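I opened my notebook to look up how this chain is put together.

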Amino acid sequence: MPTPDQLKQLRSLPQVEEMLRQPALAAMTAALPRTLVVDQTRAQIDELRGRVLAGDEVDLSCEAVATSVVSRLRRLCSPSLRQAVNASGVIVHTNLGRSVLPEPAVQAVLDVARGYSTLEYDVHELRRGSRHDHYEALVCAVTGAEAAIAVNNNAAAVMMVLSEFAQGREVVVSRGELVEIGGSFRVPDIMRASGADMVEVGTTNKTHGFDYERAITERTALLMKVHPSNYRLTGFVEDVSVQGLRAIADAAGTARESGPVLVYEDLGSGALVDITAADLHEATVSDVLSSGADLVSFSCDKLLGGPQAGIIVGRREAIARLKKNPLARVLRLDKLSIAALEATLRLYLREDNVRRQIPTVRMLDADEVEVTARAERLKQRLDAVLSPADGITAIEREVARAGGGALPMCDIPTTVVALDLKRGSALGCERYLSAENPVPIVARIRSERVLFDALTLLSDDELDEVAQGVRRYFAGLGSEEPR
């Protein structure tokens, strides 16, 4: 039950019609549909009612409520998905859209978006074509696969493989690979949703070949390996390679009436070339295929550096089955994703293009001298807008991350500009840059200082934006005394 004080506050909540007479909202009503202003006003009053009942201190004056409603309307009428500056040092930043597209992919998206396209039209045969044709030959050329199909992400790819080949049958997987990644994607859950029966083998830290051999029955459809994505087991550990699984599957297949056992790896991060960051080797799709996997699936917006998509590669007859699966239409890519994917894959035909033009790969292989020079340019810009009373900057060596569930143990050397604030606070500055600056800037805090990582700053324009964002933050503090 509300307290007497809360009841008094609830009675003082302004009415909608009363609020609409406020000058700020009257101006909004002149510019926007009246029903929209009314709905947002009512929503704000409902929110305040809930906060009163929760015991929060709230300003119920008409002026304060009108200001809040105007803020709601401005947020509603402004894009929430917009460009941001990544100064965090996380290269494949899931919350910031993962990989930055290479310029040829951006141009391809613009070209296709502006008008009609040849999405499912064969210009040579003058008949209906297949959207798979735009990327399949390129995928095969750069991975060595016999065939390929792309869907809207790698989680969808995993679901599609399990649904097609293992529905009502068994999938053998190591206990050490029953991962959960972002968005609550858990291997046991995806198995259950696909209709496959999961058979766990081995222990958390050690799984041997004989564990798989003992688990195979007439109902076994797949031996599955799962990329550990965002964690690593170290120490007293052992697992079975794809090559080892291939030998086990072949031996079991010859002795079974139900036919061959397929080997499938969910590779996750999807490297197509050697990623040498911090001398950590990441298996490429080609490596896994040549080791004997029948099917491999991987993300396109992680180490590959392209748009959001999931690609399944493998034997021609297996991919043909996937193309006929009803999920192929449910999970298919749209024209913009296909345009970006095709343009990105085309860069992989020449490795020098990959390391020069694909931002994700370029950052993972970044020259430390270049990163330091970029940090020095940022420091100069920050020093130009800071007064001694605002704060001081310093260039420091730090560690960046690949992010996106890829290369979790990889320490990538980087250079940051550290801002030590003399007034305001590191948390306040970080919040301002993210939420109030015209272009959101995402940095990180360490030891009460704001760190701007030069590795993930893409251009001198972004350096300028960081400096101007910091200038705006201190200007907003007004004449606040130094700490």
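I started with terms. I count a contact when heavy atoms lie within 4.5 Å. I take angles between N-to-C directions, from 0 to 180 degrees. I also noted that this is a predicted model.

**Entry 1: the whole chain.** I counted 20 helices and 17 strands in the chain. The C-alpha trace spans about 80 × 60 × 55 Å along its principal axes. Of the 483 residues, 48% are buried. I then looked up contacts between residues at least 6 apart in sequence, and 74% of them join residues at least 24 apart.

**Entry 2: an open sheet.** I followed 7 strands across the sheet in the order β4-β12-β11-β10-β9-β5-β8. Their pairing is mixed. Which strands stand at the edges? I found β4 (147-151) and β8 (197-201) there. Each has a single partner strand, so one side of each has no neighbour in the sheet. From one strand to the next, the twist averages 20°.

I picked one pair inside this order. Strands β10 (residues 262-268) and β11 (residues 295-299) run parallel, joined by 4 bridges. Asp266 stands opposite Ser297 in β11.

**Entry 3: helices on the sheet.** Next I looked at helix α7 (residues 136-143), which lies across β4 and β12 (310-314). Helix α7 runs at about 120° to β4. Helix α8 (residues 154-166) packs on the sheet too. I listed its contacts as β4, β5, β9, β10, β11 and β12. The direction of α8 makes about 160° with that of β9 (220-226).

**Entry 4: a helix pair.** Two packed helices are described by the angle and the distance between their axes. I looked up both for α18 (residues 368-385) and α20 (residues 460-476). The angle is about 30°, and the axes are 9 Å apart.

I then checked who makes the contact. From α18, the residues include Arg374, Leu378 and Val385. From α20, they include Asp460, Leu463 and Arg471. The residues of this contact divide into 7 nonpolar, 1 polar and 6 charged.

**Entry 5: one residue.** Is Thr360 buried or exposed? Thr360 counts as buried, because its relative accessibility is 0%. Thr360 sits in helix α17 (residues 359-364). Leaving out residues up to four places away in sequence, Thr360 touches Ile91, Val92, Ser99, Val100, Lys302, Leu303 and Gly305.

Notes. Residues are numbered from 1 along each chain as its sequence is written. This is a predicted model: local features need pLDDT of at least 70, side-chain atom pairs count only at pLDDT 80 or more; totals for chains, interfaces and linings use all residues. Side-chain values use heavy atoms; hydrogens and water are left out. Helices (H or I, at least four residues) and strands (E, at least two) are DSSP runs, numbered from the N terminus. Buried means under 20% relative accessible area, exposed over 50%, partly exposed in between (1.4 Å probe, protein chains only). Ala, Val, Leu, Ile, Met, Phe, Trp, Tyr, Cys and Pro count as nonpolar, Asp, Glu, Lys and Arg as charged, and the others, Gly among them, as polar. Two strands pair if DSSP finds at least two bridges between them.
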